[in-house]
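I opened this entry to record what I looked up in the structure.

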Amino acid sequence: MGSIKEYFSEAAKGLKSLVDGMMVTGKELVTPKITEQYPENRATLQIADRFRAELTLIYDNEGRHKCIGCGICQMNCPNGTIQLTTKMVDLPDGKKKRKLDKYMYDLGSCTFCMLCVTTCPQDALEFSNDFEQATFTRNSLMKQLNYRPEPKDEPATAPKPAMDPEKLAKIKAEALAKAAKIKAEREAAAAAAGGDASKPESSGPESPKTEAPKPETPKPDTPKVETPKPEADKPESPKAESTKPEPPKEENIDNK
């Protein structure tokens, strides 16, 4: 009896779940469709700008990129997706410079972490939003980012022709003569300045005006001002002595 009851209860649950599923299906039948008709709508398809599809080099209008081949993106890549090779080139001024030769990027092993873009010191990398990267072989996922032909550098300026030796010797002689003339003028000016400086030294002792204030020294007058002070004290001392002999006079009177 219990088994029959369980059978009908399970059947009722299954029927209820079927009805719930059909309700969801019926609801979706009347809702607006959002399915993209790809690839028919390629002309109007809009992909978000922040979508990371493929690593690319940024080129300017002249076809030049900013990569200097420093290798920072290669060191920061966690999967070893980036491989750089560089070369040394001669500049128009005769100096040597390291330059990017090949920038190899493995799209199949890229995790799209964007560490290469954020750590690039020249801001030479970016991720494009081109998501159509499906291929039949894995080897086709290995791409060279600097695939464009490099524009030719400006031609080096032609070296200046060597100067005529006679003309060069003449210029050197004129420069030496001018330097000797300037040196002689400086020595003459220094000698004249030394003679002018010696004249006031010889005329100094002859002028008595500078030594005139020396006899007017107030120092010998200071003791004269101080000397009357003890003289003022001297008359006071006899007054005190004159008062002292008065008692002997009284003694004479008593004797009489």
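I counted seven helices and five strands in the protein. Helices are DSSP runs of H or I with at least four residues, strands are runs of E with at least two, and both are numbered from the N terminus. Along the sequence I read α-β-α-β-β-α-β-β-α-α-α-α.

I noted that this is a predicted model, where local features need pLDDT of at least 70, side-chain atom pairs count only at pLDDT 80 or more, and totals for chains, interfaces and linings use all residues. Residues are numbered from 1 along each chain as its sequence is written, and side-chain values use heavy atoms, without hydrogens and water.

Next I checked burial. Of the 256 residues, 12% count as buried, meaning under 20% relative accessible area with a 1.4 Å probe, protein chains only; exposed means over 50%, and partly exposed lies in between.

I then looked up Met-22. It is found in helix α1 (residues 2–30). Why does Met-22 count as exposed? Because its relative accessibility is 53%.

I turned to contacts (heavy atoms within 4.5 Å). Among those between residues at least 6 apart in sequence, 66% join residues at least 24 apart.

Last, the largest pocket. A pocket is an open set of points on a 1 Å grid over the protein atoms alone, where a 1.4 Å probe fits, with protein on both sides within 12 Å along at least five of seven lines; lining residues have an atom within 4 Å of a point. The lining has 22 residues, and Arg-64, His-65, Lys-97, Lys-99 and Glu-150 lie nearest the centre. β3 (96–106) gives the most to this lining, with five residues.
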